[in-house]
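Have a look at the model first, and then we can walk through it topic by topic.

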Amino acid sequence: MSMKIIFLDFDGVLRGMIPHRRTKANVGDLGLFLAESYQDQAYETIDQPILRNVYYDFAADACYCVKLLCQIPDTKIVLSTSWRAFYSLETMQKLLDLHHIGHYVIDKTPLLYNNRPSEIKEYLKQHPEVTHYLIIDDMDLEAYFPGHM
């Protein structure tokens with residue numbers, strides 16, 4: 001079975017490096033608000049700062065573009081963001097559900113000495129079913145992956 005993968009970074013891609021003005025109403029206990037809104041108690045267990053970061057600071061248009069790419073049949077997301085070192089796959093999926101792309105996330109690249117090109121290459125080596133891939137990252141990896149950025 002062939003698979004298409006989007007290797008996805010967060011900072012500088014879905015989340016700008018310079019904090020922008022938050023346009024959504026800033027609610028007090030965001031975990032409780034999201035748990036009630038999404039009927040999912042898991043949001044109450046996620047740290048408030050990371051919830052705020054994803055809920056308020058991820059760019060809706062960037063997330064929508066990723067969602068459009070995932071509409072291509074057999075396309076899934078593998079997280080290459082540095083955030084993957086700190087949060088479980090399930091937490092990352094839950095966070096991205098806030099922008100309607102969490103269900104596309106199937107895996108994370110391995111952690112190899114903070115070397116993103118090596119991590120992506122290792123993932124591809126371990127998953128020969130990946131026939132096509134795209135890297136969405138603010139780091140210029142074109143020299144390592146010509147035509148895949």
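Which backbone oxygen does the side chain of Thr75 reach? In this predicted model, the side chain of Thr75 reaches the backbone oxygen of Ile72, at 2.9 Å.

**Thr75 in strand S2**

- Thr75 is found in strand S2, which spans residues 75-79.
- With a relative accessible area of 7%, Thr75 falls under the 20% limit and is therefore buried.
- Once neighbours within four places in sequence are set aside, Thr75 is in contact with Lys4, Ile6, Leu69, Cys70 and Tyr104.

**Lys108 in strand S3**

- Lys108 is found in strand S3, and its relative accessible area of 23% makes it partly exposed.
- The side chain of Lys108 reaches two backbone oxygens: that of Arg84 at 3.0 Å and that of Tyr87 at 3.0 Å.
- Leaving aside neighbours within four places in sequence, the residues in contact with Lys108 are Val78, Leu79, Arg84, Tyr87, Ser88, Leu89 and Tyr123.
- Between Lys108 and Gln126 there are 12 Å in space, C-alpha to C-alpha, and the two are 18 residues apart in sequence.

**Helix H5 and what covers it**

- In helix H5 (residues 116-126), the buried residues are Arg116, Pro117, Glu119, Ile120, Tyr123 and Leu124.
- Why do these residues lie on the same side of H5? They cover an arc of only 165° around the axis, and that puts them on the same side.
- At the start of H5, a side-chain oxygen of Asn115 comes to within 3.0 Å of the backbone nitrogen of Ser118.

**Helix H1, from start to end**

- A side-chain oxygen of Asp29 reaches to within 3.2 Å of the backbone nitrogen of Gly31 at the start of H1.
- The buried residues in H1 are Leu30, Gly31, Leu34 and Ala35.
- Because these four cover an arc of only 135° around the axis, they sit on the same side of H1.
- It is H2 that the buried residues of H1 pack against.
- After H1 comes Gln39, whose phi is positive.

**How H1 meets H2**

- Two packed helices are described by the angle between their axes and the distance between the axes.
- Helix H1 (residues 30-38) packs against helix H2 (residues 48-57) at an angle of about 60°, and their axes are 9 Å apart.
- That angle makes H1 oblique to H2.
- From H1, the contact uses Leu30, Gly31, Phe33 and Leu34, while H2 contributes Gln48, Leu51, Arg52, Tyr55 and Tyr56.
- Sorted by class, the contact of H1 with H2 has six nonpolar residues, two polar ones and one charged one.

**Ala62 in helix H3**

- Helix H3 covers residues 60-70, and Ala62 lies in it.
- Beyond its neighbours within four places in sequence, Ala62 is in contact with Val13 and Leu14.
- Ala62 and Ser37 are 25 residues apart in sequence, and their C-alpha atoms are 23 Å apart in space.

- Most residues other than glycine have a negative phi.
- Gln39 is not a glycine, yet its phi is positive, at about 50°.
- Where does Gln39 sit? Its place is in the loop between H1 and H2.
- Is Gln39 buried or exposed? At 68% relative accessibility, Gln39 counts as exposed.
- Asp74 also has a positive phi, of about 65°, although it is not a glycine.
- The loop between H3 and S2 holds Asp74, and at 43% relative accessibility Asp74 counts as partly exposed.

Definitions and conventions. Residues numbered from 1 in each chain as written. Predicted model: local features only at pLDDT ≥ 70, side-chain atom pairs only at ≥ 80, totals over all residues. Heavy atoms only, no water. Buried < 20%, exposed > 50% of the residue type's maximum accessible area, 1.4 Å probe, protein only. Helix = DSSP H or I, 4+ residues; strand = E, 2+ residues; numbered from the N terminus. Arc of directions from axis to C-beta. Contact = heavy atoms within 4.5 Å. Polar contact = N/O pair within 3.5 Å; in protein donor to acceptor, adjacent residues only side chain to side chain. Axes fitted to C-alpha atoms, helices over the stretch in contact; angles between N-to-C directions. Parallel < 35°, antiparallel > 145°, perpendicular 65-115°, else oblique. Nonpolar A, V, L, I, M, F, W, Y, C, P; charged D, E, K, R; others polar.
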